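Let's take a walk through this one together, stopping at a handful of spots along the way.

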Amino acid sequence: MTRTQETGPVLILGATSDIALAIAHQYGAQGRALVLAARAPDQLDRQCQDLRVRHGVEVSTRAFDVLDIEGHASFAQSLDPMPTTIVCAVGYMGDEETSRNDAAAADLVMRSNFSGPAILAEALCQRWVRDGLTGTLIGISSVAGDRGRAKNSYYGSAKAGFTAFLSGLRQRLNGTGIHVMTVNPGFVATRMTEGMDLPKPLTLQPGAVARDVIKADRSRSNVVYDWRWRIVMTAVRLLPEGIFKKLKF
Amino acid sequence: MTVLSGWGRYPRVDCRTFVTPRHPDEVAAPVGAPGSAIAQGNARSYGDSALSRETVVSSRHLTCLIDFDAETGLLTCEAGVVLADILRVFVPRGFFPPVSPGTKFVTVGGMIAADVHGKNHHRDGSFGRHVAWLDLLTADGTVVRCSHDQNRDLFDWTIGGMGLTGIILRAAFRLRRIETAYIRQKTLAAANLGEAMDILDREDGWTYSVAWIDCLTRGDAAGRSLVYLGEHAGVGDLTPRQAARPLEPGRRRKLSVPIDLPSWTLNRWSVKAFNELYYRRGRQKTDQVIDYDTYFYPLDNVLGWNRIYGRRGFAQYQFVLPLERSRDGMKEALECISRSGCGSFLSVLKRFGPQDSAFSFPMEGYTLALDFPLTQRAERLFEELDTIVIRHGGRLYLAKDARLPAASLQTMDARAEAFRRWREESGARDAFRSHQSERLGL
């Protein structure tokens, strides 16, 4: 089989998350081989088997830790074959209250969502460049990165960093055949948000996010929002700071 | 506290602990905690079978497929896998569920617990007949594999046991081969109940058969029906366009009911008018080839159709009568319904084959399924129907029940007492209880 963007293997980083698995199912349904990478890949045994039975595709796992920034270059180098699509769904919400009072907890949120994923993305893209390959890197960021809020200033600022990094990477790699896509989901009903009181009309199922991602991948979009969230976030971004700071949402 | 209800939206029950384990190994902990537990799948049973004031263990995250053997059609999966998912994956590969209820939004665990039946019951029995084995988390916290050869007693009570023997974690069952995703349907009009039953008796060679029945007509036309007979279509039955992709019919648009309709929308006059139109239109259709979705799950294409009954909800009433009493009993039941003036919007008559496992609903005979908006008049009607069912030696389908009194169940179904005793002896009675089992004293 020739190696093209549409048929090559897909690497999913942070594969235990619900969004990541939903994306894995979408690519699996297209017949793409899947590599699921997570800190504890043995937790994915059931899901791997499920992907195989459902889609009849090859599924393998890799262990990796997004916080091990020293290891990212060798992780990227060790991938064989090198995937044509890479989805970075790594994320950690943490607890805002805890982050305020515990520097280590705050640092963990910021490294898990920003420096870890950014340095990893860099390493992976460099491997593509070095080997003369093309590829698509899909970074799952968040609407939380669009504007800092009192309720999630740590998570939000880290995601803002990741979003800005992806934007820079996209510009740098423009014209090389390596495409960088940023996905900014709003509220998604996942394990991360379980038990949170989210507004139902604005809360998507992981499968809906995954379908948006696949569609956007096909059309090589740059920045992806659910249409409802695009409206909401446009409004949120346009609010003058003098008003924004007084709001309680 | 979580407020839970079934598909009929009655009753609503405050549940103390609603858990959604992410791994089958996580199910044991909430079951071992003090108090009783009951499993819940996609909450499509109509009444309170999967509700409890104590612990409800949802299988919504236990949705992995485990194995599929294309030689034998044996599918192994977790209990929370929804039938719609199985159809999506396996119809394009030429396989179909062995038995399918009227909705595809049910889970494998739920289909086993209620031992669901389909339009092919007279030939293929209920879902349980096709289950090779299942893994059950029992009262003492151990997971027991059961089948016809292994822990047979437990297997037998679990199929149709309404979740009251333990929590089903996984199961293996056989899918049937299909050549196309289409059904060849033949529609026969029957002028009254007797004729409908004659047709169902005579045409038992068809894999699928069911009758839509008009419960509001009286006299000679009482129980006029449209009998739908169905067979999996072969490639030769299809149009060239369908035959090009025989296992992949196009997707249909879904409608949804966005709001609760006012509860007066469905009354005896509107239902009567609907029935008249439906019967006339149906009489003109004879032979058709339709996709499986349209044939098996017409209501699934109206998402949230339970909202047409308004906020106060509705109740289904489905009973079966033994063959030798079916003609008299059904006639009596229809007279009773017609007299009551309650319009049943969806009434379905079906011929059953014999009972399959210890506490399964079906028995050789005829079953009638009705649904009514919940009104006091409907409740009085249900009580009258209970007496008719008891008098003719029939019984009710617990997956649709939300109101049967314990005393009526005891008189109606001798197996209830045996089941209760078995539950007591096995320890299941302390560990697994639903709002329904409490109500029925099971």
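This is a predicted model: local features need pLDDT of at least 70, side-chain atom pairs count only at pLDDT 80 or more; totals for chains, interfaces and linings use all residues.

Let's begin with helices. Two packed helices are described by the angle between their axes and the distance between the axes. In chain A, take helix α1 (residues 18-29) and helix α2 (residues 45-55): their axes come within 9 Å and cross at roughly 25 degrees. An angle under 35 degrees counts as roughly parallel, and α1(A) and α2(A) are therefore roughly parallel to each other. The crossing of α1(A) past α2(A) is right-handed. On the α1(A) side, the contact is made by A:Leu21, A:Ala24, A:His25, A:Gly28 and A:Ala29, and these meet A:Gln47, A:Asp50, A:Leu51, A:Arg54 and A:His55 of α2(A).

Now hop over to chain B for another pair. Helix α6 (residues 193-202) of chain B packs on helix α10 (residues 323-340) of chain B at an angle of about 140 degrees, with the axes 10 Å apart. Roughly antiparallel would take an angle over 145 degrees, so α6(B) and α10(B) are instead oblique to each other. This crossing, too, is right-handed. Who touches whom here? From α6(B) come B:Leu193, B:Gly194, B:Met197, B:Asp198 and B:Asp201, while α10(B) brings B:Ser326, B:Arg327, B:Met330, B:Lys331 and B:Leu334. The contact between α6(B) and α10(B) divides into 4 nonpolar, 2 polar and 4 charged residues.

Staying in chain B, have a look at helix α2 (residues 83-90). It is largely enclosed by the rest of the structure, because 7 of its 8 residues are buried. The buried ones in α2(B) are B:Leu83, B:Ala84, B:Asp85, B:Ile86, B:Leu87, B:Val89 and B:Phe90.

A strand residue in chain B is worth a stop as well. B:Thr76 sits in strand β7 (residues 74-78) of chain B. Is B:Thr76 buried or exposed? With a relative accessibility of 8%, B:Thr76 counts as buried. Setting aside neighbours within four places in sequence, B:Thr76 is in contact with B:Leu65, B:Ile66, B:Asp67, B:Trp133, B:Ala171 and B:Ala172.

On to the cysteines. A disulfide is a covalent bond between the sulfur atoms of two cysteines. How many disulfides does the structure hold over all chains? The count is 0. B:Cys64 is in no disulfide, and the nearest cysteine sulfur belongs to A:Cys48, 9.5 Å away. B:Cys64 is also buried, at 4% relative accessibility.

Next, the backbone. Most residues other than glycine have a negative phi, and most peptide bonds are trans. The model has some exceptions to show you. A:Asp80 and A:Pro81 are joined by a cis peptide bond, with omega at about 0 degrees. You'll find A:Pro81 in the loop between α3 (72-78) and β4 (85-88) of chain A. In chain B, the peptide bond from B:Tyr10 to B:Pro11 is cis, its omega near -5 degrees, and B:Pro11 lies in the loop between β1 (2-5) and β2 (12-15).

As for phi, A:Arg220 has a positive value of about 50 degrees even though it is not a glycine. A:Arg220 belongs to the loop between α7 (206-218) and β9 (223-224) of chain A, and it is partly exposed, with a relative accessible area of 39%. B:Asp115 also has a positive phi, near 40 degrees. Its place is the loop between α3 (108-113) and α4 (121-124) of chain B, where B:Asp115 is buried at a relative accessible area of 0%.

Finish at A:Lys245, in the segment after α9 (241-244) of chain A. With a relative accessible area of 64%, A:Lys245 is exposed. The C-alpha atoms of A:Lys245 and A:Cys88 are separated by 32 Å, with the two residues 157 apart along the chain.

Definitions and conventions: Residues are numbered from 1 along each chain as its sequence is written. Chains are lettered from A and ligands numbered from 1 in the order in which they are written. Side-chain values use heavy atoms; hydrogens and water are left out. Axes are lines fitted to C-alpha atoms, for helices over the stretch in contact, and angles run from 0 to 180 degrees between N-to-C directions. Helices (H or I, at least four residues) and strands (E, at least two) are DSSP runs, numbered from the N terminus. Angles under 35 degrees count as roughly parallel, over 145 as roughly antiparallel, 65 to 115 as roughly perpendicular and the rest as oblique. A crossing is left-handed if the near helix is turned anticlockwise from the far one by less than a right angle, and right-handed if clockwise. Contact means heavy atoms within 4.5 Å. Ala, Val, Leu, Ile, Met, Phe, Trp, Tyr, Cys and Pro count as nonpolar, Asp, Glu, Lys and Arg as charged, and the others, Gly among them, as polar. A disulfide is a pair of cysteine sulfur atoms within 2.5 Å. Buried means under 20% relative accessible area, exposed over 50%, partly exposed in between (1.4 Å probe, protein chains only).
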